[in-house]
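The sequence and structure come first.

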Amino acid sequence: AVPLGPESLPGRLRHGIRSASVDDEDGNPQPAGPGKDSGASEEEEKAVVNKTWNIAIVGPGWVAGAYAETFRKRDDVRIGHVVGRTVDGASAFAAEHGLDCPCSDSIQTALKNPAIDIVGVFTPHHLHAQAVLAAAKAGKHIIIEKPVCLTLPDLKAMRAAVRDAGVKTIIGFVLRWNPLL
């Protein structure tokens, strides 16, 4: 198992009750780190820490492959669905990464599964907003590979959907520490 650290992607989701940001009265993001009252009970926090997270991968390309390999190394994460443009493409991705999970060509199929906790959005950039809006509406937490979206109206709609649903999001930069960047 990969050790849980403050920089790990599932770790941030796992401890999201305390490490996510919140907005002040004017809509400005404020850290909700240690010492800040999240409103969660001790039992709720323990349930989050001890949970196995089921993730749906949406957009099974090479970036999703990097996430899949990391997720597979963790004891607290399980890939529970792969959504591609085609079922064959999703199935090929699942086989390539040794996954035993349902595969489909519809995000709605994955979102209907109550066992899915998190949706990883690894689609082409212009499809991010559509996937995030659907995932938030379904009450799923969301990992979004950068860029978040391509337009300010999409970003505002995504932010509103996430807030309304009360779900957590995180933006991923799989190449953030690449020495060539």
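Is D117 buried or exposed? With a relative accessible area of 13%, D117 is buried, where buried means under 20% relative accessible area, exposed over 50% and partly exposed in between (1.4 Å probe, protein chains only).

The model is predicted: local features need pLDDT of at least 70, side-chain atom pairs count only at pLDDT 80 or more, and totals for chains, interfaces and linings use all residues. Residues are numbered from 1 along each chain as its sequence is written, and side-chain values use heavy atoms, with hydrogens and water left out.

**Salt bridges**

The whole structure holds 3 salt bridges, each defined as a side-chain nitrogen of Lys or Arg within 4 Å of a carboxyl oxygen of Asp or Glu.

| Pair | N to O distance |
|---|---|
| K51 and D117 | 3.2 Å |
| R72 and E69 | 3.7 Å |
| R74 and D76 | 2.8 Å |

In the pair formed by K51 and D117, K51 sits in the loop between helix 3 (42-49) and strand 3, and D117 in the loop between helix 6 and strand 6, so the bridge ties together parts that are 66 residues apart in sequence. Helices (H or I, at least four residues) and strands (E, at least two) are DSSP runs, numbered from the N terminus. The loop of D117 runs between helix 6 (107-111) and strand 6 (118-121). K51 is partly exposed, at 28% relative accessible area. Leaving aside residues up to four places away in sequence, D117 touches K51, T52, W53, N54, K140 and H141, contact being heavy atoms within 4.5 Å.

R72 and E69 are 3 residues apart in helix 4, which means a separation of about one helical turn. R72 is partly exposed, with a relative accessible area of 45%, and E69 is partly exposed as well, at 31%. In the remaining pair, R74 and D76 are both buried.

**Helix 5**

Which residues of helix 5 are buried? In this helix, residues 87-96, they are A90, F93 and A94. These residues lie on the same side of helix 5 because they cover an arc of only 100° around the axis, the arc being that of the directions from the helix axis to the C-beta atoms. D88, A95 and E96, on the other side of helix 5, are exposed.

The packing partners of the buried residues are strand 3 (53-58), helix 4 (62-72), strand 4 (77-83) and strand 5 (103-104). Just after helix 5, G98 takes a positive phi of about 65°.
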